[in-house]
Amino acid sequence: MKVEIVQVWRNRYEERRLSAMVPPLTSLHLAALVPNDVEVAVRHEKVSPVDYDTDADLVALSFFTGVAARAYAHSRELRRRGKKVVMGGPHVTMLPDEAAAHADAVVVGEGESVWRRVIEDAARGRLAPRYQGEARPLAGLPPPRYDLLEPRFAVRRVVMATRGCPYRCSFCTTAVLFPRFRTRPVEEVVRDIESLPGGNWLQRKLVWFWDDNLLVDRRYGKALLRAMVPLRKWWVTQTSLDCAEDEELLDLMRASGCAAIFIGIETLDAASLRQANKMFAPRARVARVAQRGGPGALALAAAMNGYYGLRQLLGRIPAAPGEEENEPPVPSRSIEEVKGASEFPPRL
Ligand code: B12
Ligand code: SF4
């Protein structure tokens, strides 16, 4: 029995050839959960086209909404050649009935609780049309199969320490995909970070956390960062603005090698923020963090201005009705003030 896990992809800008910078964790993680006696391969469409004549018995397609139509087209071709196709991921979780019309089976929600069963059922020729995953505790997950990742990706050490986010911004799908906020044992995260052999200097140095809000649980975030200090890595993540006002956390971010963070500011318009249920990042807080100076402002400046080519790691939602177009996110003078005095990324 052979399983091939395919991350479906389409470049947003057809005329531009995007480099293969950083892969998602999904296929490497699902590959690690495949039983030992089953052969497994992973493929990201960004770097290798889907092989309709693959020798795999079961093809697992993972995709988000923007590429759903493409995933359905792949499925049609694969099934025409007698392959069994199972689908999962954000789009399938949100529109399972639509996806089910294009697959032999769909997995709704998180995969851990059902993925093994899917493979066993496929091996017996008895795939069920639908499997419902549960949001289970995350202790005991195996390290991702980094060894299977295509060599073209510039960043290889992709990790996830938490799942979900306790906030409920109305535009965000996180609460549907990962219904409860959960953390992994720090020692297992450190094990994953250390588990990838080889690679070039940057690939060994840089850790990319794909968490939705890595530092939102302060106690956990601090424990993780403390454990990371001796690893002497650089790391990148997404988190929410409230982290920029916790001095101890910021000190730990610097000491553990924070190279850049992505902060979703979205908008500074109060009515839009209320509509988005994102009142924890109001204009006053953004300005306060920027104007106060110190590491909080540096973290924000790092997020807004970028360092070492990691530019504009700032999430912004286009103007909502009634909101002024192109309003600068914070007084640019404040940003200019904090820029330049940066200690990010730290010199290790
Ligand atoms: C890495 C990532 C990216 C990367 C790489 C994407 C890629 N495919 O190569 C980059 C930065 C390029 C990116 C871009 C975008 N992304 Co993105 N991205 C992520 C992120 C942060 C992590 C994905 C990951 O590794 N997750 C870890 C694994 C463990 O979780 P998972 O993928 O959900 O898989 C679990 C289950 O879903 C399930 N599962 C998934 N697939 C399958 C398949 C099978 C067969 C089975 C059994 C189970 C299964 O099992 C897994 C374990 O439980 C997610 C958010 C998140 N935290 O997941 C957003 C996310 C996938 N992205 C999203 C979006 C919207 C985008 C953009 C459109 C954003 C934008 N406006 O520009 C762009 C699209 C780019 C394009 N080309 O069109 C949304 C998708 C929502 C949707 N409706 O589909 C997400 C969910 C973020 C969010 N909360 O809104 N993204
Ligand atoms: S803080 Fe970020 S991850 Fe959390 S719900 Fe809001 S947008 Fe989603």
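A word on conventions: residues are numbered from 1 along each chain as its sequence is written, while chains are lettered from A and ligands numbered from 1 in the order in which they are written. Since the model is predicted, local features need a pLDDT of at least 70 and side-chain atom pairs count only at pLDDT 80 or more, whereas totals for chains, interfaces and linings use all residues.

Let me start with confidence, where pLDDT is the predictor's own confidence in each residue, from 0 to 100. The chain has a mean pLDDT of 83, and 78% of its residues reach 70 or more. Two stretches need care: residues 302–321 stay under 50, with 50 contacts beyond four places in sequence in the model, and residues 325–348 are also below 50, with 47 contacts beyond near neighbours in sequence. A contact here is a pair of residues whose C-beta atoms, placed from the backbone, lie within 7 Å. Where pLDDT is low, the predicted coordinates should not be read in detail.

Turning to the overall fold, the chain has 14 helices and 13 strands, taken as DSSP runs numbered from the N terminus, with helices being H or I of at least four residues and strands E of at least two. Of its 348 residues, 41% count as buried, by which I mean that 20 or more other C-beta atoms, placed from the backbone, lie within 10 Å of the residue's own, with 12 or fewer making it exposed and anything in between partly exposed. Among contacts with a separation of 6 or more, 75% join residues 24 or more positions apart.

The largest nonpolar core has 42 residues, and the members touching the most others are Ala60, Leu61, Val86, Met87 and Val118; such a core is a set of buried Ala, Val, Leu, Ile, Met, Phe, Trp, Tyr and Cys residues joined through C-beta atoms within 7 Å. Val86, leaving aside residues up to four places away in sequence, touches Leu58, Ala60, Ala103, Asp104, Ala105, Val107 and Val118. A second, separate core of 36 residues includes Phe209, Trp235, Met253 and Cys258.

Met253 brings us to helix H10, whose buried residues are Leu249, Leu250, Leu252, Met253 and Ser256. They lie on the same side of H10, because they cover an arc of only 160° around the axis, the arc being that of the directions from the helix axis to the C-beta atoms. The face turned away from that buried side carries the exposed residues Glu247 and Glu248. Arg254, also in H10 (residues 247–256), is partly exposed, with 17 other C-beta atoms within 10 Å. Just after the helix, Gly257 takes a positive phi of about 100°.

Finally, backbone angles: most residues other than glycine have a negative phi. Arg232, however, has a positive phi near 55°; Arg232 lies in the loop between helix H9 (218–228) and strand E11 (234–239), and is exposed, with 11 other C-beta atoms within 10 Å. Asn277 likewise has a positive phi of about 55°, and sits in the loop between helix H11 (270–275) and helix H12 (283–292), where 13 C-beta neighbours inside 10 Å make Asn277 partly exposed.
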